[in-house]
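Me: I have some questions about how terms are applied to a structure. Please set each value against its definition.

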Amino acid sequence: MTFIDILRDHLDEFNQVFDQQITTSIRQAIYAMLTCRTNTERASHWTCQGCAHHADFPLSCGHRSCPQCQHNTTTDWLAKQQAKLFPVEYYMVTFTLPFELRVIAKHQPELMYQAMFSVAASVLKEFAKNSKQLGGDIGFTGVLHTHNRRRDLHPHIHFIIPAGSFDKDKKQWHKSKGKYLFNAFNLAKVWRSRLLEQLTNKLDIKLPEGIPKKWVVDCQHIGKGLPALKYLSRYLYRGVLPDKNIISDINGQVCFEYQDSQTQTTEIRTLPAVKFLYLILQHVLPKGLRRVRDYGLLQGRCRKLRQQIQLMLAVAGAVFPLVHEVKRAVAMRACPCCHQPMRFMGIHKNNYGNGRTTSLITTT
Ligand SMILES: [Zn+2]
Ligand SMILES: [Zn+2]
Ligand SMILES: [Zn+2]
């Protein structure tokens, strides 16, 4: 049982019931998923390097919300982060939007998520500057999640922070010692006041009643180097609901399992199929909104500086893998006849209507 199967089976009813709530981005995601690996108009063409075998395969949609296309993004991210690895302790700081403000995220997601990213990043940079241990420029990566374990709307941003900073003037690298980064209580206080100020004064948004005085920021020590990154990539880069967590779709009721965040036990949530579809599809982000953002030393344009720091640390005896920036993972296929690697030759467009069978439109 896959999400796409359920979508295909209940699409008409879903369109009727949720017509008003389906945004353009959700419609595009639905179209992508329904044509993923099934669209026979376009196919990738492969030939074997060991024998004469050649074959066509339908294209994957590559949409970030598609459960079938999720795995590649996780692997790509880990490869990219690995090249940016620093031999220091890693922390994860999570900024959560309180319940009362989620209604704004629902109706104006671009505005809200943009504000969350910029405010949270400015808070972190300031705490790093004022920190006795760090006191310089840091780098971090933010990943937006919009769901909780039950898959309700629950926007939060996880920031992965290597606890080291660079002093540009002295050309010195400082690394934070111990298992402590920032005071989470103070982070939450500043997070609250800055975000509310941004929403009301800069964005002119009318705030709902009853916004709580206390907000939540969580600061967690993750561990050192590569194992920490691997753990995080699995944790952060899962799709909203992996297909393996869907248990059944019987008589219009869908069951899926999730791990309760308090008790760590596996729970089952059951709801009508169309409501289930909306539960998951409400997390489709507006097109073009970046879910993952690098800041400071981890930004793309700081690559040279990063490599200098890594080299400096390696010379000083730090043990960590110097990995080169990795490009997107190259698609691989093994030949079903001789098991040699097959070579991607390009994309075929099948023109069934006009008598021609196929034409090769791109090659790499
Ligand atoms: Zn072969
Ligand atoms: Zn797909
Ligand atoms: Zn999360």
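Me: What makes Asp204 exposed?
Reply: Asp204 has a relative accessible area of 69%. Exposed means over 50%, buried under 20%, and partly exposed in between (1.4 Å probe, protein chains only). Asp204 is therefore exposed. This is a predicted model, in which local features need pLDDT of at least 70, side-chain atom pairs count only at pLDDT 80 or more, and totals for chains, interfaces and linings use all residues. Residues are numbered from 1 along each chain as its sequence is written, chains are lettered from A and ligands numbered from 1 in the order in which they are written, and side-chain values use heavy atoms, without hydrogens and water.

Me: Where is Asp204 found, and what is its phi?
Reply: Asp204 lies in the loop between H6 and E8. Helices (H or I, at least four residues) and strands (E, at least two) are DSSP runs, numbered from the N terminus. Phi of Asp204 is near 60°, a positive value in a residue other than glycine. Most residues other than glycine have a negative phi.

Me: Why does Arg37 count as partly exposed?
Reply: Arg37 has 41% relative accessibility, so it counts as partly exposed. Arg37 sits in the loop between H2 and strand E1 (42-48). Arg37 also has a positive phi, of about 60°, although it is not a glycine.

Me: Why is Gly296 called buried?
Reply: The relative accessible area of Gly296 is 16%, so Gly296 is buried. Gly296 belongs to strand E12 (residues 292-296). Its contacts, leaving aside neighbours within four places in sequence, are with Ile138, Gly139 and Cys302. Contact means heavy atoms within 4.5 Å. From Gly296 to Leu313 is 17 residues in sequence and 19 Å in space, C-alpha to C-alpha.

Me: Is Ser248 buried or exposed?
Reply: Ser248 is buried, because its relative accessible area is 16%. Ser248 is part of strand E9 (residues 246-250). Leaving aside neighbours within four places in sequence, Ser248 touches Gln253, Val254 and Cys255.

Me: What makes the buried residues of H6 line one face?
Reply: The buried residues are Leu187, Ala188, Trp191, Arg192, Leu195, Leu196, Gln198 and Leu199. Seen down the axis of H6, they fall within an arc of 155°, so they line one face. The arc is that of the directions from the helix axis to the C-beta atoms. Exposed Lys189, Asn201 and Lys202 are on the face turned away from the buried side of H6. Cover for the buried residues of H6 includes strand E3 (89-96), helix H5 (109-130) and strand E8 (217-224).

Me: How does the span of helix H7 compare with what it should be?
Reply: The twelve residues of H7 (residues 225-236) should span 16 Å, and the end C-alpha atoms are 16 Å apart, which agrees.

Me: Which residues of H7 are buried?
Reply: In H7, Gly225, Ala228, Leu229, Leu232, Ser233 and Leu236 are buried. Their arc, seen down the axis of H7, is 135°, so they line one face of the helix. Pro227 and Arg234 are exposed on the other side of H7.

Me: What is called a cavity here, and which residues line the largest cavity?
Reply: On a 1 Å grid over the protein atoms alone, a cavity is a set of points where a 1.4 Å probe fits but cannot get out, and a pocket is an open set with protein on both sides within 12 Å along at least five of seven lines; lining residues have an atom within 4 Å of a point. The lining of the largest cavity is Gln81, Lys84, Leu85, Tyr90, Ile160, Pro162, Leu229 and Leu298. The structure holds one cavity of 30 Å³ or more.

Me: What is the volume of the largest cavity?
Reply: The largest cavity has a volume of about 40 Å³. Grid points are joined across faces, edges and corners, and a volume is the space filled by probe spheres set on the points.

Conventions
The expected span of a helix is 1.5 Å times one less than its number of residues.
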